[in-house]
Amino acid sequence: MNFTQRISSYFILTVLFTLSFASHAEPGLWQLEKNGVKSYLFGTVHVGDSSMKGLPNKVTKAIDATDKVIVEVDISAISPLEMQRRSMPFMMLKNGKTLKGELSEQNYAKLKEYFSKKSIDIAMFDGLAPWAVMVTMMQMEFQNAGFSDQTGIDKQVLAYAKTKNKQIGELETLEYQMEMFNHMSLLSNEMIEETFEQLADVETYFITLVDAWKNGDMDTLTKYYNESFDDSNYGEISEQVMLVERNNNWVKELTPRLAKEQLFIAVGALHLPEQHGLLKQFKEQGITVTRL
């Protein structure tokens, strides 16, 4: 259960975008143009199944046409041991706190039952923050469904870029992403409850969103975005921490670069839609955005 190898790129809504696409699929790729300089923005998925091996031709051509590939975090440059060493201080509870003490009786009981059905003793998670336990659950379910980060689009983009000797740039550090989860610690119970709701309906999410992805149906993807980041306290805070603040940071960093550098930007697909999404924000910065 080596979940620390990929923990930085999972968060609770990743389940909405673990989408498989066939060879005829058209995943979202946009051209960004400023002052005659062309770059590309690609909405990725962090885990995939065997059918997702091999990047679409339009994506590899876009990478070929650029000078540098920009990702959230270059996970290919971090060994599993290094990933664990850097992640564990954020994942572990401090000052004598325990998982049981951080959750309501009801949620702890649900977690205990969930792991018991998998013949796992919940005691092994006693020192972990609730969000780290949530990530463990998500990864277990992904693996059971035949999904892995090894066939995720992020890793494939990085692997292809390195075969072409492209420079790799990062938008964030691993530590920043770890701290992002800790900012959600006051909403641990809501996070666990949301996780159980999604896992109970994971098949529906998969079927509906796979179709939306294959058809390039941004309206449906936007609909799921709004349902996930609703006007509840948890919905608003998670959207602010996980998406809005990060998108704003990325736009501020990337906008001046897009006027002079040819970049291939690959980030999670949830960062693209809606009013705080990268597509709208880049347009507002005077960048011509065209879907390919």
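This is a predicted model: local features need pLDDT of at least 70, side-chain atom pairs count only at pLDDT 80 or more; totals for chains, interfaces and linings use all residues.

Trainee: How many helices and strands does the protein chain have?

Mentor: There are 12 helices and six strands in the protein chain.

Trainee: And what share of the residues is buried?

Mentor: Buried residues account for 55% of the 292 in the protein chain. The accessible surface of the chain is about 12,800 Å², with 47% of that belonging to carbon and sulfur atoms.

Trainee: Contacts next. What percentage join residues at least 24 apart?

Mentor: Take contacts between residues at least 6 apart in sequence: 83% of them join residues at least 24 apart.

Trainee: Which residues have the most contacts inside the largest nonpolar core?

Mentor: Leu111, Phe115, Trp131, Val157 and Phe264, in a core of 60 residues. Helix α5, residues 130–144, gives the most to this core, with nine residues. Another core lies apart from it, with 18 residues, including Leu32, Ile70, Trp250 and Phe282.

Trainee: Switching to α11. Where does it bend?

Mentor: At glutamine 240, by about 45°.

Trainee: What span should its 26 residues give?

Mentor: At 1.5 Å a residue, helix α11 (residues 233–258) should span 38 Å. Its end C-alpha atoms are 35 Å apart, so the two agree.

Trainee: What is threonine 255 in contact with, leaving aside neighbours within four places in sequence?

Mentor: Phe282, Gln285 and Ile287. Phe282 is also among the residues of the 18-residue core.

Methods. Residues are numbered from 1 along each chain as its sequence is written. Side-chain values use heavy atoms; hydrogens and water are left out. A nonpolar core is a set of buried Ala, Val, Leu, Ile, Met, Phe, Trp, Tyr and Cys residues joined through side-chain atoms within 4.5 Å. Buried means under 20% relative accessible area, exposed over 50%, partly exposed in between (1.4 Å probe, protein chains only). Helices (H or I, at least four residues) and strands (E, at least two) are DSSP runs, numbered from the N terminus. The expected span of a helix is 1.5 Å times one less than its number of residues. The bend at a residue is the angle between axes fitted to the seven residues ending there and the seven starting there. Contact means heavy atoms within 4.5 Å. Accessible areas come from the Shrake-Rupley method with a 1.4 Å probe; for residues, only the protein chains shown count as cover.
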